[in-house]
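Subject: Structure for your review

Dear colleague,

Please find below the structure that I am handing over to you. My findings follow it.

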Amino acid sequence: MSRVAAIQMTSGPVVADNLQRAGELIAQAAERGAELVLLPECFAAFGNRSLQAIADAEWGAEQPIRRFLADQARAHGIWLIGGSLPLPSRAGGKPLACQLVVDEQGREVARYDKLHLFDVDVADSHGSYRESRDYGFGEQVVCVDSPVGRVGLSICYDVRFPELYQALRADGAELIVVPAAFTAVTGAAHWEVLLRARAIEIQCWVLAANQTGEHPSGRQTFGHSCLIDPWGAVQACLPDGEGAIVGSLDRSQLESVRTRMPILSHRRFALAAQPLSVAKEFEHE
């Protein structure tokens, strides 16, 4: 058995305030035995329009968000996944929605840049979302070995693209993480059904950390952070409010589901050809 946690937050635009709250919730998860903790998308800056400045600071010498992740991981002896933060791939470059995986010694061991950007119209008070105006597109599928198993990385809108999760399973994923800022409207319609579908069709655990409630910008997010097992059953869920859900991963259950229904050996269609590459080794900057 391994213990994992998803943190649910109502982040705002002030980085320091968000980091303080995230630290409190990470501590709660660690006290409950979590070995790996997932933060939501935009945990450190939600609705902040100075994304380029934040990204430049994270690339340069200051790195307040990256230092926070490293310090928290070391302090609690956990693996910590920073849901997403703005970080370029080169000095002065356009921010990417970057997910960093930090080990218990505070080392960055994996980086995933969001592949699918949320350029849609939604019937809510915000109306229109154009994430590609602020962020560049990622280019790699990323898995990383951890103490709780092999982890496949994804972010929010990615969950609507099953071919990504098929590629993660093909690369050995046992646990999929989905940090998100799902809107209240799209979340009520699709959040749970999409997460459960991904778990069922690739026979993996799914750990999802969402933003929740009404944010200072006026945007409303759905909450319902959860842990879903490889059979598609919701094992833990936090409907609303800030907090942490903690649950156990049972490797024998994963193996049983895959043995009784060997989907990979039954597949008659190869993954669709696409220009993305699978990251084989993390390169430190």
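I begin with a loop residue: H224 is placed in the loop between β14 (220-222) and β15 (225-228). Helices and strands here are DSSP runs (H or I of at least four residues for helices, E of at least two for strands), numbered from the N terminus. H224 has a positive phi of about 60 degrees although it is not a glycine. Its relative accessible area is 25%, so H224 is partly exposed; buried means under 20%, exposed over 50% and partly exposed in between, with a 1.4 Å probe and protein chains only.

Please note that this is a predicted model, in which local features need pLDDT of at least 70 and side-chain atom pairs count only at pLDDT 80 or more, whereas totals for chains, interfaces and linings use all residues. Residues are numbered from 1 along each chain as its sequence is written, and side-chain values use heavy atoms, with hydrogens and water left out.

C42 also deserves mention under backbone geometry. The loop between β2 (36-38) and α2 holds C42, which has a positive phi of about 55 degrees although it is not a glycine. With a relative accessibility of 16%, C42 counts as buried.

Regarding cysteines, the search of the whole structure finds zero disulfides, a disulfide being a pair of cysteine sulfur atoms within 2.5 Å. For C143, the nearest cysteine sulfur is that of C204, 8.3 Å away. C143 counts as buried, at 8% relative accessibility. For C226, the nearest cysteine sulfur belongs to C237 and is 5.5 Å away. C226 counts as buried as well, at 3% relative accessibility.

Next comes the packing of two helices. Helix α2 (residues 51-59) and helix α3 (residues 64-76) pack at an angle of about 55 degrees, and their axes are 7 Å apart. Axes are lines fitted to C-alpha atoms, for helices over the stretch in contact, and angles run from 0 to 180 degrees between N-to-C directions. The two helices, α2 and α3, are therefore oblique to each other; angles under 35 degrees count as roughly parallel, over 145 as roughly antiparallel, 65 to 115 as roughly perpendicular and the rest as oblique. I54, A57, E58 and W59 of α2 meet P64, I65 and R66 of α3 in this contact, where contact means heavy atoms within 4.5 Å. By class, the contact of α2 with α3 comprises five nonpolar, no polar and two charged residues. Ala, Val, Leu, Ile, Met, Phe, Trp, Tyr, Cys and Pro count as nonpolar, Asp, Glu, Lys and Arg as charged, and the others, Gly among them, as polar.

Just after α4, G172 takes a positive phi of about 100 degrees.

Yours sincerely
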